[in-house]
Amino acid sequence: MTEFIQQVINGLSLGSIYALIALGYTMVYGILRLINFAHGEVFMVGAYAGYYAASAFGIDAYERGGRAFPLVLAVAVLLLAMAAAAALGTTIELLAYRPVRKAPRLTPLITAIGVSLFLQNAGMLVFGPNPRRYPPILKEVPFEIGGVIVTNIKVTIFVVALALMTALRFFVLGTWTGRAMRAVSIHPDAARLMGIDVDRTIRACFAIGSALAAAGGILFGLDQIMINPLMGVLTGLKAFVAAVLGGIGSIPGAVLGGVLIGLAEQLTAGYLSPDYRDAITFVILILVLMLKPEGLLGVVKQEKV
Amino acid sequence: MSSASAQVSTVRWLKRAAFAVLVVAVIYGLGALLESTAIEYVQRIVLLAGINVILAVGLNLINGTTGQFSIGHAGFMAVGAYAAAFFGTKLHPWLIGLLGAGACADALTFNLALCIGALFAGAAGLVVGIPTLRLRGDYLAVVTLGFGEIIRIVFNNARALGAATGYSGDDPAGLPAYTNFFWVYLWATLLVTGLAHLTFSQTGRSLTAIREDEIAAEAMAIPTTRLKVLAFTVSAATAGVAGGLFAHMQSGIRPEDFKFEKSIDMVVMIIVGGLGSISGAVVGGIFVAVTLEVMRDLSQYRLVLYALLLIIIMLVRPQGLFGARELPSVLRRLRGPRTKESS
Amino acid sequence: MSLLALERVNKRFGGLRALGDVSFVLESGQIFGLIGPNGAGKTTLFNVVTGVYRPDTGRVVFDGEDISGLRPAAVAARGIARTFQNIRLFRSLTVEENVMVAGHHMQQASLIGAVFRTQSHAKDELALRTRAHELLQIMGLSAFAGDVAGSLPYGSQRRLEIARALMLKPKLILLDEPAAGMNSQEADELKRQIRFLRDELKLSVLLVEHNMSVVMGVCDRIHVVDHGETIAEGTPEEVRRHPRVLAAYLGKESGESGRPARSSEA
């Protein structure tokens, strides 16, 4: 039983990271009907941005001196990484996606795959192909509750993810830009006629989604300790599956899907075989698309005849 | 049927047989020429180009002609490669016992292995295709990606096939190097011709109709699901042949030879040439083989440039070199701008 | 003899009742008009008959067989062909190929035959092409046979849809607003062509149309729906004078003042 709870806790923290990344997929799909394949790479770049920011703040000196990295600086690292990723996301949108927005749907899809490949390989060039150890922005403190080992890192991941997702919810439901996003996702042309700046709204979507992915990247680095330029491929795919599982286009769906994928992965690794922890995601994806293609919280759309 | 038309038919088949002999002779001659003159590096590019042509023309049937986008075909290539390598290894001693050691047993082993590879890949295509082809557009793309990865992960864990270290047969020297110019281009010629015939037939027209408007195709009594699965299966089987040829080009095959990137390579081939065009797929297959090899000197910049190339093609000329047209119609357009096209 | 019978067909979309207890009988050899204001349920009815939607309750009987709930391809294979209100041609295929593609049932040779280009495959192709050209001739499209379908003018695209539907060798053809976007000259030509379907090809026709000159000019019988319900049925003369039809088209207060409105809606 304690082992099960242990796996569930690990699954929840992993799932919160997937949820953060899945939000970007779902927001962009909701508004552009585009699977933004490059989103996993934005996540990767976000993790590296955090890595370099922490180095710039002298995390090595703190670590050598055995002192904890100040919380203020840790938050600054998070915000800087989020800003860097937002800049990257909006640049991708501007240079690669905007020119093909009106093209047949496969054109942007392939463009996105191209951007994804480009960032992976550019990452290998710039960051080097070898994995790097993530700096201890947060010092790990394990504690035990009823035989289950929890670390402050797992708790932080969960809390930060929850806080960001709650903020997003208020943003989408409560602000003018959030309303504009929902309007554009329902009917872009009508939204334009109502005076909504569609380009700006799409840009905001990419900025927010990318910033959340960067937060996911830093949490991932804290959790998994190692990062590398190809980390976005599989994690990105899993987050995408999470978005599809929850119902793509649905923000609560992305959160639910992320958590479920995280749990499924941990439980498979724990009880079946670690070899199949990656395969389970794809099995889930295929089952969802065959049994309930609109996802758990999505809406059915039928083509008009 | 009258005897006159039976005679016409005989003459027709005789003509075809003569043509086939001629084609085989030409391929054989070119192969001998290449192997005696070109350096090994060039030979390798030429072989890869031929294999790419097979991959591209096969993928074009489902992605281009039928409009059902797969980005996981490396999985089917893997199935074909492993099946061909495995059964080739097991069949060879038996065929030597039957025919005696020599070129004859080798050739028979190889071609049987390729057919088995195609069969297994086609079966995998059928199994994947039946449940997934109900999905449309980008969802289908992602599911094929998922299946491609699952296939790779299965091979990665299949201990009988060497798991992550890969499969290299029973001989410590690795898989036999059966693959040469003659076999690659003979298979490429057969498959391109066969797929072209399929595309320019009632079945091919129906596949295009599905791409253009599935609802209207249904209303015209076209069995859309069956045809989509058929196209997917044929396409997967073709990738299987390419996998078998690829496997016997090197001493062993590893699961990582068939990663997602390989599927993307295939997509790039048909995009460069123009989706839906067989001539385009042929040109695209050759283009990708040559580009990737030539850029090898740029080492770490290679894949960055390759990705950039893909993005630029999509931004500048998303319809590719040929659009959906075939070479003859493109040439005709170039000659006289206002001439009418005919099929 | 009854060819198509709808028996108390109901269809709901969420809270909206698109069809409520609609029944009618289409006799073999009839041109049967289906009219009603926009949103009356005509297209839903088409989609129920052709298998795009399954009726919630009620039956669709075609040629003595219950076809309710069959897939569209199965319905088409039983002899019901259709055209679409928002033209659905295979745009990148040529005009000729658009028609040939609907000739699936004429194929004798197998797939292997196509791959190896056998003689029976060549015979199939010839038969398909010949038949397609006959139909293009009937619809006045022979001159465009080699053109890409998407490049045709609007009116010709509508006629091409009819030619393609005829390739199925149907017993019944459903025309969804075939005169939409046609000028009066083209509409007159269309009337002649619809009568030709009945008189020369021995087809039955179910026609949805807003152009009253076409509807009144060709239909043997007309069924009027509004808000998903039947409000009248009869000959063009009877329907023209029916008070509920006048009310539906002109508003509740309309008395007996002549013909329905929308006599030439585009």
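Visitor: Which residues of H12(B) are buried, and what makes them so?

Guide: Buried means under 20% relative accessible area, exposed over 50%, and partly exposed in between, with a 1.4 Å probe and protein chains only. In H12(B), the residues that count as buried are Arg302(B), Val304(B), Tyr306(B), Ala307(B), Leu310(B), Ile311(B), Ile313(B) and Met314(B). The model is a predicted one, in which local features need pLDDT of at least 70 and side-chain atom pairs count only at pLDDT 80 or more, while totals for chains, interfaces and linings use all residues. Residues are numbered from 1 along each chain as its sequence is written, chains are lettered from A and ligands numbered from 1 in the order in which they are written, and side-chain values use heavy atoms, with hydrogens and water left out.

Visitor: What do the buried residues of H12(B) pack against?

Guide: Their partners are helix H5 (106-127) of chain A and, from chain B, helix H10 (260-273) and helix H11 (278-294). Contact here means heavy atoms within 4.5 Å.

Visitor: How do you know that the span of helix H12 of chain B agrees with its number of residues?

Guide: The expected span is 1.5 Å times one less than the number of residues. Helix H12 (residues 302-316) has 15 residues, so it should span 21 Å, and its end C-alpha atoms are 21 Å apart, which agrees. Helix H5 (residues 137-157) of chain B can be checked in this way too: its 21 residues reach 31 Å from first C-alpha to last, close to the 30 Å expected.

Visitor: What makes H5(B) mostly covered?

Guide: Of its 21 residues, 18 are buried.

Visitor: How many helices and strands does chain B have, and what counts as one?

Guide: Helices (H or I, at least four residues) and strands (E, at least two) are DSSP runs, numbered from the N terminus. By that rule chain B has 13 helices and zero strands.

Visitor: How do you know whether chain B agrees with a compact globule or departs from it?

Guide: The radius of gyration is taken over C-alpha atoms, and the globule rule is 2.2 Å times the number of residues to the power 0.38. For 343 residues a compact globule would come near 20 Å; chain B has 21 Å, so the two agree. The C-alpha trace of chain B spans about 60 × 55 × 40 Å along its principal axes, and 57% of its residues count as buried. Among its contacts with a separation of 6 or more, 79% come from residues 24 or more positions apart.

Visitor: And why is chain C called as compact as a globular protein of its length?

Guide: Chain C has 10 helices and 10 strands. Its radius of gyration is 19 Å, close to the 18 Å that the rule gives for 266 residues, so the description holds. Its C-alpha atoms fill a box of roughly 70 × 40 × 35 Å along the principal axes, and 56% of its residues count as buried.
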